[in-house]
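Take a look at the structure first, then follow the points below.

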Amino acid sequence: MQNYLIKNSDIMKIINYLSKLDLVQDSPDTNSNSNKEAFFWVFGLLTQRKLLFMGIIAGIMIHQPLRFIIPVLIGKLLDSGVEEKNEEAVKFYALIILITALVSAFFDLVMSWLNEIAANDVELNTRSIYFKSIQGKSMSFHDESKLGELMAIAQQDIRSLYSALAPGIRILGEAIVTMVAYTVIIFMQSWLIGIIFLIMIPFWFQSIKKYNEGLNPLAVNQQNYFRSLSSHVQENFTGSAVVRAFSQEQKEIELFKTKNNTYTKSWEERGKITAMYYPMLVSYFIMGILFLCSAYLVINPNIIIGDLEIKQDFGLEQFTVMIVLIIQFRSPTFIVRNVLEFWSLGLAGVKKIQSIITEAEEDVMGDNLLKPDIIGKIVFNDVDFKYDNSDNYVLKNISFHANPGDIIAIVGPTGSGKSTLLKLLTRLYDPTSGSIKVDEIDILQISPEHLRKSIAVVEQDIFLFSSTIRDNITYAVDSYSEDDLIRVSELAKVTEFVDQLADGYDTMIGERGVRLSGGQRQRIAMARALLVNPKILLLDDSTSAVDAKTEDEIVSAIHELMKGRTSFIITNRLNMIKKANHVLVFDKGKLDAVGNHSELLTQNKIYRRIFDPHMELPKQEEDQ
Amino acid sequence: MSFLTKGLEEKYDRTYSDREIIVRYSKFIVKHKKHLFSTIFFIIIATALTLIIPFTLQIAVDDLENGITENLILLSMIFLGLSILLWIAEYILTYENTKFTSRTTQDIRMQLFSDIQHHDISFFDKNKTGKLMSRIMDDTQALADFVAQTSNIVVNVLIAIGTIVILFFIDPYLTLLTLTIIPFLILLILVFRKIARSLSREWRSSISSLNDSFQENIAGIKVSKSFGRIESTRLEFEKLNQENYKVSVKRSMFFSSIFPFVFALSNVGLYLVLYAGGLSSIRTGNPSMGTLVLFVAYLNRFYFPIMLITTYYQQLQAGLAAAERIFSLMDIESKVKNTGTNKSNIERGEIEFKNVSFSYDDNTPVYRDFNLQINPGETIALVGHTGSGKSTLVSLLLRFYEIQYGEILIDKQDLKSYDLHHFRSHLGMVLQDPLLFSGTIEDNIRYGNPNASENEVEQAARAANVWEFIKDQTLGLREEVRERGGKLSQGQRQLISIARAFLVNPRILLLDEATASIDAYSEALIQEAIDRLLHDRTSIIIAHRLTTVKRADRIIVLEKGEIIEQGNHSNLIVKGGKYAELYNTYFAFQEIKD
Ligand SMILES: Nc1ncnc2c1ncn2[C@@H]1O[C@H](COP(=O)(O)OP(=O)(O)OP(=O)(O)O)[C@@H](O)[C@H]1O
Ligand SMILES: Nc1ncnc2c1ncn2[C@@H]1O[C@H](COP(=O)(O)OP(=O)(O)OP(=O)(O)O)[C@@H](O)[C@H]1O
Ligand SMILES: [Mg+2]
Ligand SMILES: [Mg+2]
């Protein structure tokens, strides 16, 4: 199954190829993808499996014309059988009709299967591509997107793409073949009516095109509103405790109501267009005119236009066939409506997906990126950094170095850029200017995925997966022994509470670990990082919810463990700082001072402000 | 990462009878019955027209056979006229139907959402966001699709019935012949429905674990990136995707088979009609040629609806299942019930825990027979080992969970007797996880008090020591913070949530590690502001940093849900118990003197 999966780049190749054929016109606005592009994207995915695709086409080409032979055969049966009172002919044609139908049904079956497989393939591929692309996006992308929206795309839009293809392709193919078959059969009855029919067909197509053009923007609208509704719901559920704590349920309900109404309105708007399906009206006219012409012809088989006398062989048999056709002409038009509905939603989804996957990804696995063995010597050289979407520099002129074995403590007021610094180290973001070197190699040349495997992080805002404690601790490693698990759990003081749980390590901890206390979550995150056995350890305020004694024990353990390796520790607590070789003091994005505890205390204002106990407790001083 | 698929079991899915579901659903219909009735009305019109129109053709063929030609032109005009009427009827029918389904869905979704708003926190502990999302977004949609589809089916059932009646009038003998395939059809449907059910169930579970995995992996993207797990999570996801693919292919191949089968069967019917009808026409002149043509034409209209109806059963099941999931979610009984009616203001802010026992899961208790009296205006500090139950105490005060035994009294009145929302509006709190919503800084600060004045917002922000930061932002208060406050540093998030709590001007203030990520200096400033703003208010402060708690009126040391010590700082130090030990350990590391 694996080889059905195709890479994003392949699709881009196909799109490029197609655009060279001048089939795809790039819209001037690169963000809003044209319908055509979306169409070719899907087409590119479909034609990945040529045999399958051709099978579907072949199936349609066989089974559908066969269906059209049936009315002709009925006409024959009636005419040369019933009319001529020929019993053998009746038996013969009846049998032929049955066989034709069965053969047609068989091909229909096969073709439907192929179609389903193809559509599932596309769904599978699109989902893989989408997931991979989302994963590969830079953190800036993730900062800005809303989880609820990304989810809505993964569920609704990919699903609507599926519906666009199955039964979309089949129905579309059938509609086309049907139209061709009609034309042929009508010509067989009378070339004059055939010509009239051909003249009318463009109107039919035109009306469908117009209808479709009206429908597409509405489909896009509807889906946008859906995503927005979805992301509201997502946030509300995530913040359920805050909503309740502040008694804002009513306000949230009102907000939901507005969004829900907007969505419903957009749905109805689309529904109105769908209901006003004027191609059907056009086809009724066509049917009426065909009826009229047939009636006229059957009365006057010889038409005289000027000097020209046109003779038509148009009798009861031909008339009957025409009538059967006219009755059936409704269905292709009817079916086209469903196709268009599916397609408009499908394409709207594809456009959204496309706009996301064509955005740049971070280069995680680039071929020419280095994968050195990391020892842990780190040099920051004049690093500046600002987040993509803001103008303020978060870090400015940062230069320092750290050697294997060093413990670097980072302190500074809120928002001074401490966490950001660590994010640069794991290449979640890259410096705006300046360079970071790990073991003398510029970090930009190291494969992020490789680099990150040598680094372990305990982030400030801990994320745990909705699973068991065991799964969370072992998240970052491919394999582990039970001993390892217990060892790191001891170190991070996880055993202390796990031992009291009925299910031990297999306790489910709920979404983001809601069923644990704050300190318990932190310790699990700590154990998760320690199990990696990293060359570089980054602790971002990782013991803020742990009491001093436990903290001290954890810190000592880490101290042992990280001998000869590099650790960065962001903290507000002195006992962690005192174990550090260097302390970096940050203020408003600048590295205000580097030194050890006692130097800084005497020399650095900010440091003193933070840690001087007199400053720390201004009120108490007054009281005494 | 296959663990993502395990999920939490669906405890709340009760089983409803089909009847119950339909009755429930019909309640939502009532408001929109106008649209339903006009849909039904036009369904009947459209069906009638659909059945009548072929008659014009039959008359034409019959006339022609009898050599009558003068009516042909007129007939074709009638045909066209009726067709246009049909189009209009179909337009109104479809539009009304859309209105009907979209509006009922709107109401159901609204109802579901607001019901969920009234569920308590333990509900959210148990149910993953992803699952709730799919209930409120997808299941409601599935139900809508099903309902919309139903009108289509009704049309077709009517057509099928009408057709049978007409066929009977045209030729009862041939009609009976046609009906001989019905038993086979029913057999087919029965087999179909059995398999369909199990395949659908399988598919549903595979797609939902796939979606779950997607949700978790993207929510935790920072972790997977930081640990270099992108590749391995992708492979895990891919595996689920492939599994879903297999199930989905199986299911959809099965579903797409039904039409060809019904088509084949219907053509056996056609064969019988043509064979028997043709021969009898030759032998007895009955049915007439026109009748035969008409019969064949109508036959088509009989089988096509039948085809649709065969697949309807499956849709019906899916629709009912979606409805059941929706209703069962609405029906969950919250343990915390807002039955209190007391809307008196909390004047004093006295809190008393009386013999309180509480456990999250009904077996390991967090609190057992817990007693605590907090005086009006008192500042209480809670300290204790992680997991000792400090945050739980705050949750209980907020009535996030219901205690199993005992009472909590606020101003001498049982907490349960207060109107929940009214009561909570007197509380200001910073929860341990300082969650912000996407929107501006201002939206977030105003969250608990949307009507505060500009000035009050500024004062709250100043008190929380975050005003300077806000002013530095390009857009000031109107700066976006993004989902969960992702654009801010952790400390900034805490500060803003402190401002949010201040703005409520609470009678009782609850701070759960509110300043844990904030440096001691900023914290001291905030402390000062708290003292100033809320000096006569009752407050409960939880902190591990002992300098934070030193100034509290009373310090309570919790261990495993029990108070092992209490008193003010100096008393406790003198006493030389657990607190003194904690404090000394803490300061052994924190004091700079060495
Ligand atoms: N939603 C929940 N469902 C089940 N158990 C829970 C839930 N929340 C907390 N617990 C458990 O209850 C106990 C008390 O947790 P609580 O959050 O009150 O601790 P805490 O004192 O605040 O700890 P910390 O200092 O780490 O924040 C812990 O053992 C925890 O695992
Ligand atoms: N994803 C982001 N996009 C834009 N700005 C950001 C983002 N993350 C942080 N910032 C801003 O960058 C600055 C530095 O943030 P950072 O998280 O590095 O602070 P910090 O020193 O870790 O603070 P704290 O002690 O509160 O954790 C802050 O002003 C913050 O608002
Ligand atoms: Mg930080
Ligand atoms: Mg807590």
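A:Ser419 and A:Gln460 are both buried, and in this predicted model they are the protein donors of the magnesium ion called ligand 3.

**Magnesium ion, ligand 3**
- The donor atoms are OG of A:Ser419 and OE1 of A:Gln460, lying 1.8 to 2.2 Å from the ion.
- A:Ser419 belongs to helix α13 (residues 418–425) of chain A, while A:Gln460 sits in the loop between β8 (455–458) and α15 (469–473) of chain A, so the pair ties together parts that are 41 residues apart in sequence.

**Magnesium ion, ligand 4**
- Here the protein donors are B:Ser391, through OG, and B:Gln432, through OE1, and they lie 1.8 to 2.2 Å from the ion.
- Because B:Ser391 is in helix α11 of chain B and B:Gln432 is in the loop between β6 (427–430) and α13 (441–445) of chain B, this pair links parts that are 41 residues apart in sequence.

**Ligand 1**
- Residues from chains A and B surround ligand 1, so this site is shared between chains.
- There are 20 residues around ligand 1, and those that come nearest are A:Ser517, A:Gly519, A:Gln520, B:Ser391 and B:Thr392.
- A backbone N or O atom of A:Gly519 is 2.6 Å from an oxygen atom of ligand 1.
- Sorted by class, its shell holds 5 nonpolar, 12 polar and 3 charged residues.

**Ligand 2**
- What makes this site shared between chains? Ligand 2 is surrounded by residues from chains A and B, so both contribute to the site.
- Its surroundings comprise 22 residues, the closest being A:Lys418, A:Ser419, A:Thr420, B:Ser489 and B:Gly491.
- From chain A, a side-chain N or O atom of A:Lys418 lies 2.6 Å from an oxygen atom of ligand 2, and one of A:Ser419 lies 2.5 Å from an oxygen atom of ligand 2.
- From chain B, a polar side-chain atom of B:Gln492 is 2.8 Å from an oxygen atom of ligand 2.
- The protein covers 93% of the 640 Å² of accessible area that ligand 2 has on its own.
- α13 of chain A and α16 (490–503) of chain B each give at least two residues to the shell.

Methods. Residues are numbered from 1 along each chain as its sequence is written. Chains are lettered from A and ligands numbered from 1 in the order in which they are written. This is a predicted model: local features need pLDDT of at least 70, side-chain atom pairs count only at pLDDT 80 or more; totals for chains, interfaces and linings use all residues. Side-chain values use heavy atoms; hydrogens and water are left out. Donors are N, O and S atoms within 2.8 Å of the metal (3.2 Å for Na, K and Ca); water is not among the atoms, so sites may look incomplete. Helices (H or I, at least four residues) and strands (E, at least two) are DSSP runs, numbered from the N terminus. Buried means under 20% relative accessible area, exposed over 50%, partly exposed in between (1.4 Å probe, protein chains only). A residue is near a molecule or strand if one of its heavy atoms lies within 4 Å of it. A polar contact is a pair of N or O atoms within 3.5 Å; within protein, one must be able to donate a hydrogen and the other to accept it, and residues adjacent in sequence count only if both atoms are side-chain atoms. Ala, Val, Leu, Ile, Met, Phe, Trp, Tyr, Cys and Pro count as nonpolar, Asp, Glu, Lys and Arg as charged, and the others, Gly among them, as polar. Accessible areas come from the Shrake-Rupley method with a 1.4 Å probe; for residues, only the protein chains shown count as cover.
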